[in-house]
Each structure stands twice: as structure tokens, then as C-alpha cells.
Amino acid sequence: MASEIDVPVYVVAIRVGVDRIGGMPDAVSPADAASSQASLDDLARWTGGAMFTAGTPAETGLVAQRILTELRHQYLIAFEASPRAGWHCADGRVRKKNVFVRARGGYMAGTHAGTL
């Protein structure tokens, strides 16, 4: 559903102190935390966004600044969609070294594409 709304999703995970893991009622096991992080990272990447982790106010500020910088440097590339219904992969590349493309993994074509 997230890829159908056509916006990048940015996830900011806030790390809590180590003392919260293992004794408090709301503690999350390391395995559960890793699974949740992988799912959120997948969500961000598939929509063209990214996932960041911060543990201090300074790190949170840097993450916010990076997201704003990325949002300022967005470009729109148009292409002709496939007439076949369903999911279609899309891949963007550039020739310049140290430059990368972060984009959605593809798009949905068909009668329900683009509707919420």
C-alpha cells in the first residue's frame, strides 16, 4: 500500500538506553528489534526513502538535516508504464561515481493502481 501512495517513506528509529532492554515491561528482545528494523528498512527502501537510527539529540538533528537535504535534491523522471497489470520493477542508474539513485522499487499498473 505504501508504494501506491507515490511518496518516499523515511523512518527514524530512536535507540533507547541499554538499561531498558531486559527488565522493563516494555522491553523488546534483540531478535524482535532486529526483525522490526528490517521490516521498516524494507518499507523505506521500497518507497524510495531511507531508514536512520539515532540515539542522542545531536544524532537526531543530523538525521533530520540529512532527510531535508535528500528531499531538496529530488528529481522527477517520467516513463511510459507497461500496459500489463501488476507489479513492475524499475531501476535507475547514473554514470557519475559516488552518486546514487534512491527510488521506489517499481510500480503497480492496472485498473486499481494509484487509488487508495
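**Reading the predicted model**

Me: Asp42 has a relative accessible area of 34%, which makes Asp42 partly exposed. What kind of model does this value come from?

Reply: This is a predicted model.

Me: Which residue forms a salt bridge with Asp42?

Reply: The general idea comes before the case. Side chains of opposite charge can pair when their charged atoms come close. Here Asp42 pairs with Arg45, and the closest N and O atoms are 2.6 Å apart. Both residues belong to helix α1, where they are three residues apart, about one turn of the helix. Arg45 is also partly exposed, at 44% relative accessible area.

Me: Which residues lie four apart in helix α2 and are separated by about one helical turn?

Reply: Arg66 and Glu70 do, and their spacing of four residues in helix α2 is about one helical turn. Their side chains form a salt bridge of 3.4 Å, N to O. Arg66 is partly exposed, with a relative accessible area of 42%, whereas Glu70 counts as buried at 15%.

Me: Which side chain meets Glu59 in a salt bridge?

Reply: The side chain of Arg15 does, at 3.0 Å, N to O. This pair links distant parts of the chain, 44 residues apart: Glu59 is in helix α2, and Arg15 is in the loop between β1 (11–14) and α1 (30–46). Glu59 is partly exposed at 29% relative accessibility, and Arg15 is partly exposed at 44%. The count of salt bridges in the model comes to four.

Me: Which residues make up the largest nonpolar core?

Reply: Again, the general idea first. In soluble globular proteins, nonpolar side chains tend to be buried together. In this model the largest nonpolar core has five residues: Ala50, Phe52, Ala54, Val63 and Ile67. Two elements, β2 (51–54) and α2 (57–72), each give two or more residues to this core.

Me: Is Gly48 buried or exposed?

Reply: Gly48 is buried, because its relative accessibility is 8%, under the 20% limit. Gly48 sits in the loop between α1 and β2. Not counting residues up to four places away in sequence, Gly48 touches Pro8, Tyr10, Arg102, Ala103 and Arg104.

Me: How many residues apart in sequence are Gly48 and Val101?

Reply: Gly48 and Val101 are 53 residues apart in sequence, while their C-alpha atoms are 8.9 Å apart in space.

Technical notes:
Residues are numbered from 1 along each chain as its sequence is written. This is a predicted model: local features need pLDDT of at least 70, side-chain atom pairs count only at pLDDT 80 or more; totals for chains, interfaces and linings use all residues. Side-chain values use heavy atoms; hydrogens and water are left out. A nonpolar core is a set of buried Ala, Val, Leu, Ile, Met, Phe, Trp, Tyr and Cys residues joined through side-chain atoms within 4.5 Å. Buried means under 20% relative accessible area, exposed over 50%, partly exposed in between (1.4 Å probe, protein chains only). Contact means heavy atoms within 4.5 Å.
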